[in-house]
Amino acid sequence: MAKIKNRAIPLRPLSLKLAECLAVFCLQADRAWSHNSVVTKDNLSNPSSLPSQEVSQLLDANARAQLLAQRVVELTTLSQYDEARASLEEARKIRVSLPVKAEIDLAEAFMWEKLQRTSKAAQAAQSALDIRLHVFGTTSVQVAEAEVALSQIFLSESKLPQSLELAEHAWAITETQNPASDIRLRAGLALARTMSMMRKAESAEKLARDLCIILKMIEPKNPLQSRITNALGYELLLQGRTSEALIWLRTAVDSSRSAQGISNAERANFVANLGVALLNLDRPRDALPFFEEAARRFSADKVIPAQASALLSAGTAADRAGDRPRGLALREEGAALLAKLPEQHPLTYALNRFKIAQSFAHTGRLEEAEATAAEAAKAIGKMRPPTHFQALNSRISLGWIKARRGRAAEGLAEVRDAFRTSIAVNNSLEVSQNRVVGVIDNIEAFSQALETAVLAGDNDFAFEVLQVLVETDASRAAVAVTAREQAGNSELGLLLRRRQEAAGKLADADAALLRAAGLEQGAERAPLEKAVADARTVLSALDAELDVKSPGFRSLLRPRLVALAETQSRIARDETLLVVEESDLGVYTMAITLDRVAIGHSPIRREALRGLVRRIRAGTENGAVVPFDVDAAHEIHEAIFTPEIRALVPQGQRLRVVTGDILSALPLTLLASRKGDTLADTRWLVEDHAISVLPSLATLGQTQKRATSRRDVIAIGAPALGGTQAITAGADIFAGGETRSARVSRLQPLPGAAREIETVANHVKRPAKAIILAGDKATEPAVRSLDYSQTGVLLFATHGLVSGAFDARSEPALVLTPPAQDSEDNDGLLTASEAARLRLDADWVILSACDTAAGDQPSAAGYTGLARAFLFAGARRVVASHWPVRDDVAAQLSVEMLNASAKGLSADEALRRAILKVMKQGKGEQLRNPAVWAPFMVIGN
């Protein structure tokens, strides 16, 4: 460590006498002391040369100064900054030993850091470090303490390499300490935070998780309980694993309520992070009170810039929750605070103005909106690289406002350029990172881009934007395939590792350019821009190589965009493609046939639409106590099938559907095309149309025909389980220190699944042979050992876990029989990544989950990740259930659907016929209830 090596000074050991003096400093009473004792470096090294009276006076002075330093920290924590300054000045007047001067310096650094005066904080912390290096040596715990303080100040100044160097050295110094000691935990926290900000995601997460385990050994009221759990939650938030992050961020907030030694501002930070997680989960009503609390706490501590940022976020939450006037008021309040600060915070102010411009536009104040948006975009453009999402989204917003003012062509040109740049930048992100920076901002900006395209009458660009908006977050299969291939050192794994390293270099180069955003164009900035361009070139070359060696791999993560004309050429005459997006400005539906296009718009916003989906799902869950909500099903139908769309879609037309994240939690077959007084006289969409879901628009029309009519049936499920644990939506259902297999075994057994497996295997017509893996035979090794090259139907009848529903993992999975002891490739869960690595040649994969749940992520679309993984593995189509299916109905739907398909019907029409047959068998409302017949959807071609 260069910083430490340069300051390594040979020291004589401290005398026993001085060591005793230092040990009793904190025990001294507040009593009279002398100002006459002068302590120098010379007599500090040899304190025995001091007369006994001098030592006594030194003890008095040092004890008094140390108590004042502690008081500075306490007063700062209580936000009593004037009193803290007074105590600091009093301590500075006392002639003290060097060790105590270092303590005073650290107290001062703490005070300035809380006041966000980072340059002064850094000077004080550096002084403390210099003294402790001289007095105690480079490997002392005292040096580690000062390094931790300076590291975090550097972190707040975005001096990341310096912060990392100090944090790593402090972590190394404390290696011999008790793992639960305060200094060891604080050093680990400093290192985890710094690695997180440097986007060393894997290392940051691992260290934070290790520290969380140690937290069990310390007092519940220790502030490190909150700080460390918040750090882990924040890292997961940065990775886009929002549902997982939510658990830890809630823990941090809850523990901070009773923790000792945490300031209002620090609690405000924990609360604000929780608000960000909820906002990213598209839960603005839940997020709003947390942002408002954060603003109040920052205000109490007089941390005005942070208060303004909290008000800005609160404004976004209020706006997204549908209260646009409240959103504008909160944003204007934040902007007014920033405008009054003696030290301006130009980026925060510009971002606030950017949001205010949107609020002006929503309330019809378009002239003010354009002037404010232009001002904000110009300011952001000076402080952010042109490829940064904030710079791009501010340009999109400006173009959108111009289009709203009637200058559609001018606005469209601005929007189109910024949007395409944004997509190019996002596509260059590492394939093994499941994260899109600024997800909520992107939803807003891309929604504005879509409306601009519609206002300008540009169907081609509208289709381009729609494709981005509807792509759900199904990349986890690709993420874990990457990890597994790398671990196995396969050819693909080595290529992926090279690509990951190249992407890391691009991220580092981009971060360096971002930190230098204030530099003018010229000699200093040019090398940074060249480094970004060179890194992007290397990454593009590796992407091309990856596309050659593993066609389709990158499309599993981000399917390529296709042109409208190309899409139309792939549509059959009896098909209509419906692209439905729940934008931030309402529901947009584009209906596309072989030769026509129509766009419909409904003003219903995302929060309201999500509420309708929840109402419908509440009436479909196993043992639901509320009836099926026909009103909600009809309201969503009307939002999608506007007059423009109905005019283009004739009765009986097959519907190929692509939806965004909210509607993907529903099978659209259950929408009510005509609302009746009862379920029996309500007409359902499935009665008018056969419906299937496309995993992405790029897959339209790409189904391969089978060369032979092989019809093997493989039925897997009814695992041997012995517990009573149910699965609940979005929960971390298996907490504790058990092995994964032990936790899997605690799930409820599924006796109905065994009957379903037998029925399907025995009643599908003309199978070449039937293979059944049930009970103890339904294990991961058995599933992987099968030959699927002759498979017509692959059925899984078992528990299904959606993203984030099991432990800390975010992958969706199918439950199999757990082993007695975990191994690397057998823990009782067939995850999406493992499914993607199967070698299938199957006409059908049926995922008949007897218990599942919809996750609470914005794009946790039930089985989307699993469905795409099986399609990637070689399935032609996947049929997945959205909720638990009645045993008898599940088997009947599967058998009827497969037999109808064997007669030549398309997959979606085969499912439709099976559903209609189930409906006709019931008396009254019993089997007309969508909860019974609607869970299955066909995904694929």
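User: What should I know before reading the values?

Analyst: The model is predicted, so local features need pLDDT of at least 70 and side-chain atom pairs count only at pLDDT 80 or more, while totals for chains, interfaces and linings use all residues. Residues are numbered from 1 along each chain as its sequence is written, and side-chain values use heavy atoms, leaving out hydrogens and water.

User: How many aromatic pairs are there, and what counts as one?

Analyst: A pair of aromatic rings is described by the distance of the centres and the angle of the planes. Here, rings of Phe, Tyr and Trp (its six-membered ring) pair if their centres lie within 6.5 Å; planes under 30 degrees apart are stacked, over 60 edge-to-face, and the rest tilted. That rule gives five aromatic pairs. One of them joins Phe 419 and Phe 446, edge-to-face, with 5.1 Å centre to centre and 80° between the planes.

User: Where do Phe 419 and Phe 446 sit in the chain?

Analyst: Phe 419 is in helix 21 (residues 408-427) and Phe 446 in helix 22 (residues 439-456), 27 residues apart, so this pair links distant parts of the chain. Helices (H or I, at least four residues) and strands (E, at least two) are DSSP runs, numbered from the N terminus. Both Phe 419 and Phe 446 are buried, where buried means under 20% relative accessible area, exposed over 50%, and partly exposed in between (1.4 Å probe, protein chains only). Ring pairs also bring in Phe 461, making a cluster with Phe 419 and Phe 446.

User: Which residue lies over the face of Trp 171?

Analyst: For this, NZ of Lys or CZ of Arg must be within 6 Å of the ring centre and within 35 degrees of the ring normal. Arg 184 lies over Trp 171, at 3.3 Å from the ring centre.
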